[in-house]
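Biologist: Can you walk me through this model? I'd like the sheets, the domains and the pockets.

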Amino acid sequence: MKKFIRKVAVMTSGGDSPGMNAAIRSVVRSCAYYKLECVGVYRGYQGMIESDIVPMSARDVHHIIQKGGTVLKSARSKEFRTIEGRKKAYESLKEHKVDALVVIGGDGSFTGGMIFSQEFNFPVIGIPGTIDNDIFGTDYTLGYDTALNTAMEVIDKIRDTASSHNRLFFVEVMGRDSGFIALNTGIGAGAEEILIPEENMGLERLLESLEKSRRSGKSSSLVVVAEGDKTGANVFELADYVEKNLPQYDVRVSVLGHMQRGGSPSCFDRVLASRMGVKAIELLLDSQSNKMVGVQNNEMVAVDLENAVKEHHKISKEILRISDIMSV
Ligand code: ATP
């Protein structure tokens, strides 16, 4: 798709994540650097349909690198799932003389972007922004590192109260389909057990492991549970089950929830966002489309959006092994 690019639109879509603002800033400043015009689309695809589009200059994005959430707001749009909705969105972009689109979001946003690009022969580049780190083709997504640190700090605090009262805490972290947050915060916070969607540890093994911990003289225990862990039991059911079968334990539950999505991005996420924004604009200048910017082995890469959406980012066997060894 060889097209001359003069004006780029940037937007955030789907669930917000820390680092989205840093990515917006990077896209806007890269445009300024390469003498391209840039506009921001508010509220994702819905804002595109409603022509909620404003010019953005390098100065418009000052002091946003440290902010959580997204200054462009995010939304989910049912209308964009229809051809009529996408046609309206295309008309809006044409009205603003936009030649290419950078979408910061998750796999749903990429699917929408890919369909749009194919239908209207319109250049689209994706930047992966989601705390779940579940996108294929990139070692890290924007917001994941920040979410890990947020969750780990809270779990550390829960550990303080757990050990003061000899309690067992079940802590639920985000991750309906992916255990990256649970596994890594669990290792980082020294959890006794970690339950994730990818592996079924089994309830029996959980009991055995907790019983072993107790007998070995541990004064507190923490079990980190991903929302969609494979035992199929939610965190309250797990706590009930353990309380019934191991009455010696004083069991408590803590659900971390949306706090994991908020907050100022970590330095890692800010730098990653800056690198991804530059790469997105350079891919467009190189006449590329339907690509997602990723980072692999600390190198910036371009991955086909189709693969990013179709494939799964798998948890490495090595990190699973580490978690096993650490819970001995
Ligand atoms: P998160 O990881 O937080 O879920 P996401 O980008 O996957 O982020 P979604 O709600 O799945 O979030 O998708 C965001 C938007 O992308 C949807 O509201 C919709 O407008 C658009 N979209 C998703 N799937 C499609 C599709 N199949 N066709 C057209 N548009 C889509």
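Modeller: One term before we start: axes are lines fitted to C-alpha atoms, for helices over the stretch in contact, and angles run from 0 to 180 degrees between N-to-C directions. Also, keep in mind that this is a predicted model.

Biologist: OK. Which strands does helix α8 lie across, and at what angle does it run to β9?

Modeller: Helix α8, residues 235–245, lies across β6, β7, β8 (221–226) and β9. Its direction is at about 175 degrees to β9.

Biologist: What's the strand order in that open sheet of 4 strands?

Modeller: The order is β7-β8-β6-β9, and the pairing is parallel. The edges are β7 and β9 (250–255), each pairing on one side only. From one strand to the next, the twist averages 20 degrees.

Biologist: How many bridges join β6 to β9?

Modeller: There are 6 bridges between β9 and strand β6, which covers residues 167–173. The two run parallel. Within that pair, V171 stands opposite S254 in β9.

Biologist: Now the other one. What's the order in the open sheet of 7 strands?

Modeller: That sheet reads β3-β2-β1-β4-β5-β10-β11, with mixed pairing. Its edge strands are β3 (53–55) and β11 (299–304); each of them pairs on one side only. On average, neighbouring strands are turned by 30 degrees against each other, direction ignored.

Biologist: In what sense do β1 and β4 pair, parallel or antiparallel?

Modeller: Parallel, over 5 bridges. Strand β1 spans residues 7–12 and strand β4 spans residues 100–105. T12 stands opposite I104 in β4.

Biologist: And which strands does helix α9 touch?

Modeller: Helix α9 (residues 267–285) packs on the sheet and touches β1, β4, β5 (124–128), β10 (291–296) and β11. Its direction makes about 135 degrees with that of β10.

Biologist: Domains next. Where are the bounds?

Modeller: The domain assignment gives domain 1 as 7–143 + 265–310 and domain 2 as 145–261. Their centres, taken over C-alpha atoms, are separated by 35 Å. Domain 1 puts 14 residues into the contact, and domain 2 puts in 10 residues.

Biologist: Why does the largest pocket lie between them?

Modeller: Because domain 1 and domain 2 both give residues to its lining.

Biologist: How much space lies in the largest pocket?

Modeller: About 1100 Å³. The lining has 39 residues, and the closest to the pocket's centre are G15, R76, G106, D107 and G108.

Biologist: Which elements give two or more residues to that lining?

Modeller: Those are α4 (107–120) and α10 (305–310). Helix α4 gives the most, with 6 residues.

Biologist: How does the lining of the largest pocket split by class?

Modeller: It has 9 nonpolar, 16 polar and 14 charged residues.

Biologist: What about the second largest pocket: how much space lies there?

Modeller: About 270 Å³. It is lined by 15 residues, and I194, E199, R205, L320 and D324 are the closest to its centre.

Biologist: Which elements supply at least two residues each to that lining?

Modeller: β7 (193–195) and α11 (317–326) do. The most comes from α11, with 4 residues.

Key:
Residues numbered from 1 in each chain as written. Predicted model: local features only at pLDDT ≥ 70, side-chain atom pairs only at ≥ 80, totals over all residues. Heavy atoms only, no water. Pairing = 2+ DSSP bridges. Contact = heavy atoms within 4.5 Å. 1 Å grid on protein atoms, 1.4 Å probe; cavity = no way out; pocket = protein on both sides within 12 Å on 5 of 7 lines; lining within 4 Å. Points joined across faces, edges and corners; volume = space filled by probe spheres on them. Nonpolar A, V, L, I, M, F, W, Y, C, P; charged D, E, K, R; others polar. Domains from an automatic or database assignment.
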